[in-house]
Number of protein chains: 2
Amino acid sequence: MPELPELAVLARQMARELRGKPIAGVDVRQPKCLNMPPEQMINTLSGKRVGEITSKGKWLFVSVEPGHTLLINLGMGADLLYCASPSDGPDVYQFRVDLDDGTGFTIRFWWFGYVHLVRTDELRSHAMTSTLGPSALDPDFTLEAFRKLLEGRRGMIKAFLLNQRNLAGIGNAYVHDILFGAGIHPQRPIQSLSAAEIDALYASVRRVLEAAIHSGAAYYEKDFYGRPGGYTEDQWAVGYREGEPCPKCGTSIVKIKTGSTSSFICPTCQPLNPHTS
Amino acid sequence: MPELPELAVLARQMARELRGKPIAGVDVRQPKCLNMPPEQMINTLSGKRVGEITSKGKWLFVSVEPGHTLLINLGMGADLLYCASPSDGPDVYQFRVDLDDGTGFTIRFWWFGYVHLVRTDELRSHAMTSTLGPSALDPDFTLEAFRKLLEGRRGMIKAFLLNQRNLAGIGNAYVHDILFGAGIHPQRPIQSLSAAEIDALYASVRRVLEAAIHSGAAYYEKDFYGRPGGYTEDQWAVGYREGEPCPKCGTSIVKIKTGSTSSFICPTCQPLNPHTS
DNA sequence: CGTCCTAACAGCGA
DNA sequence: CTCGCTGTTAGGAC
């Protein structure tokens, strides 16, 4: 469940089920995703109570009271699933938490992910989360803030958007439609963007991510209850639609290499040199 | 006098004239090229005696006894000139040293350069010189050492050769002929170089730099006595010979952009893809 | 024809 | 579709 919409939906669902419940037990099957020995994490978590559950960018923040926060990053896709009872849930997982009312949740990583426990008053010393830029849908993240963030920056706009230290929550799925929505080619140098393009990009970030959250996040990911998201294939504009017609102009969507990632673009609506073409 | 041959010639000439002489006075006209306040450098140098004068890469090492070393980098070209008497020498300079027998020298930078004074026992803490790779003509810098240096390195061979932390002394003048002499395109990835090419490159480094020193260094630079070097235009193979015929095959030499520097190459003798062309 | 610092970029490994 | 480390590359300042 990689990007901001999936994490936002998940945090809301988890909060509804888990908030206020004491932790009865913790099972660690993959110690290397932790930031401490398994016993230490189990001991610290046991008996404490689940508090607020929020998301920032692609990270989950699970308050564990008193005084701790569990930080979860699902890496390149993972299932984070609700368990209705101790006997419920998948057999294979890397991390499981059981609560004193019998409910709980499991985490199964596809590839790498993190489950880090830190003291809440030491959150700022957790580098992976403390260096995150503002969450892309944070109310404080205004158009003005976005303009400031781009000031004096070099490099390609797509790389900027994917860098979680600039802006947290956008990954290489939603970024395709975000750029398409603003008519911006992923390899456009930041310096070449007009004020109007920057404004359009900001609007597109909000529009795409909010639409996805509204529909329950991406169809190819599971929510807390194991159900696919309601933001379905036909709601994507260009992402993963190689060879299909652009919804605006009908041009065939192409897949291109952009650095180490791939990009789906409409070559007509997202020209690399807007003034010359 | 930017590169190794110029510095080697200069060091030898300076040593011949200055070695053993006490310093009578120092005049600083451009404090920002120093690593300390002018008064401090003047006070430290005055009364001391010039010792050994050597070069490493593009740096001059002037021993100032007891206990100090004057480190000089001439930047993008500069005149470092002998003065036969206190009234001799150019009117315009940034730094002047007068010795007790009336001789001396001046430094006039074209652009930026450095005159740094350090205690000899603290030379290792002078980052700009302590991080230099081996001087390209150092006897210890063997073919074996060159092979080791290239092991596992990525990037383009020209950038590697110009990086003073790998190998000290090669700049963007001699590098053209060095690469041509080995038949290697400046943008060849290091990893793509065959063992034979690496050996040829090592030989070319020595051959080109030693030939330049033998002739008294580049004609477009002045030596300690203000005379141009004897390594003249017709001794360059491809460097600065855009449009002229390659001395080996007659193909027209071309000037290409290689990152932030320019390169002169023979497109026939220095193919970018040796196996495919 | 110089050096440095910094940000951006690419590959690898977990 | 993750992250961080490392070495390389590119731009601007001096």
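Analyst: A residue is buried if 20 or more other C-beta atoms, placed from the backbone, lie within 10 Å of its own, exposed if 12 or fewer do, and partly exposed in between. The model is predicted: local features need pLDDT of at least 70, side-chain atom pairs count only at pLDDT 80 or more, and totals for chains, interfaces and linings use all residues. Residues are numbered from 1 along each chain as its sequence is written, while chains are lettered from A and ligands numbered from 1 in the order in which they are written.

User: Is A:I157 buried or exposed, and why?

Analyst: A:I157 counts as buried because 26 C-beta neighbours lie inside 10 Å. Of the 277 residues of chain A, 39% are buried.

User: Where does A:I157 lie, and with which residues is A:I157 in contact?

Analyst: Helices (H or I, at least four residues) and strands (E, at least two) are DSSP runs, numbered from the N terminus. A:I157 belongs to helix α5 of chain A, residues 157-162. Two residues are in contact if their C-beta atoms, placed from the backbone, lie within 7 Å. Neighbours within four places in sequence aside, A:I157 contacts A:I184, A:P186, A:R188, A:I190 and A:L193. By contrast, A:G102 is 55 residues from A:I157 in sequence and 47 Å from it in space, C-alpha to C-alpha.

User: How many helices and strands does chain A have, and which strand has the lowest confidence?

Analyst: There are 7 helices and 10 strands in chain A. Confidence is given by pLDDT, the predictor's score for each residue from 0 to 100. Chain A averages 92, and 99% of its residues score at least 70. Strand β9 (residues 254-258) of chain A is lowest, with a mean of 89, whereas strand β2 (residues 49-56) is highest, at 96.

User: Which domains does chain A contain?

Analyst: Domain bounds come from an automatic or database domain assignment. In chain A these are domain 1 (4-130) and domain 2 (143-265). Their centres, taken over C-alpha atoms, are 28 Å apart. Domain 1 of chain A gives 15 residues to the contact and domain 2 of chain A gives 19. On the domain 1 side, α1 (4-18) and β5 (78-83) of chain A each give two or more residues, and α1(A) has the largest share, 8 residues.

User: Which residues come nearest to each DNA strand?

Analyst: A residue is near a strand if its C-beta atom, placed from the backbone, lies within 6 Å of it. Around DNA strand D there are 26 residues, of which A:G77, A:N172, B:G155, B:A159 and B:G259 come nearest. For DNA strand C there are 25 residues, and the nearest are A:G155, A:A159, A:G259, B:G77 and B:G171. In chain A, α3 (127-130) and β10 (261-265) each supply at least two residues of the surface near DNA strand D.

User: What is the backbone like at A:P66 and at A:A217?

Analyst: The peptide bond from A:E65 to A:P66 is cis, with omega near 5°. A:P66 lies in the loop between β3 (59-65) and β4 (68-73) of chain A. A:A217 is not a glycine, although its phi is positive, about 75°. A:A217 sits in the loop between α7 (195-214) and β9 of chain A, and A:A217 is buried because 26 other C-beta atoms lie within 10 Å.
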